[in-house]
Amino acid sequence: MAIKAIMDARRGRQIYPDGKIGEIRPPDFTEYRYLLTGILRCGRVKPDGATCNASMRVTHQRDCKQHIYVCPDKTQGGCGGVGRRGDLVDFFISELVLTKMEEEATFTSSDTVTAWPREQEYQDARNRLEALTQQWEAGQVTNDHYFRLLPRLEKSIADLRAESARFKATTERRQARAKQARNRPRQQTRAHESHRAKRDDQPFRWRAPAQR
């Protein structure tokens, strides 16, 4: 949803080099529909030590059926020396964003509540049962009164104990998911490599355009 919102906000508008959204483009303007169009920047370091930072564009090559993100040549403000397979970049970035969103949601749900909120009610019920039993054993209450109250107290304690067990199990599952989310970057890398191996059914070598 977060990625879709970003793309929807940029669709049909001019995107400036600094990333700002500009005016609406004319109806006949041809717009590429790829995940990182207008977002991806070239990170190549120039000979003077500065980062290129040019907005990468989308192109295609005969030996690669997938789209390619490329840095424009020097005459267009880029360095012309970087090209990456777009489907793999899109896949990797999408998974990183989704992983981060999952981490935040998991940590929020797992860290907000750590103690069962009805613990005191459970302890009070147990104390009442123990006090009633002691009074009955001491002859301070009649059999009729004791055995009339006993089932309700025992049922209340049993229900609270079951609720406590469910809360503990839920908390443990949330903590396990949080731990799994923290380990996701390594799993993500393996998934990315597996995805690349399956889809890399043809060699790809970026051919930088001739400099003018």
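1. Gln 66 has its place in strand β4, a strand being a DSSP run of E with at least two residues, numbered from the N terminus. The model is a predicted one, in which local features need pLDDT of at least 70 and side-chain atom pairs count only at pLDDT 80 or more, while totals for chains, interfaces and linings use all residues. Residues are numbered from 1 along each chain as its sequence is written, and side-chain values use heavy atoms, with hydrogens and water left out.

2. Gln 66 is buried, at a relative accessible area of 8%, where buried means under 20% with a 1.4 Å probe and protein chains only. Its C-alpha atom is separated by 9.2 Å from that of Leu 88, which is 22 residues apart along the chain.

3. The open sheet is formed by 3 strands in the order β3-β4-β5, with antiparallel pairing; two strands count as paired if DSSP finds at least two bridges between them. β3 (57-61) and β5 (83-85) are the edge strands, each pairing on one side only.

4. Between β3 and β4 (residues 64-70), which run antiparallel, there are 4 bridges, and Arg 57 has Val 70 in β4 as its bridge partner.

Conventions
Buried < 20%, exposed > 50% of the residue type's maximum accessible area, 1.4 Å probe, protein only.
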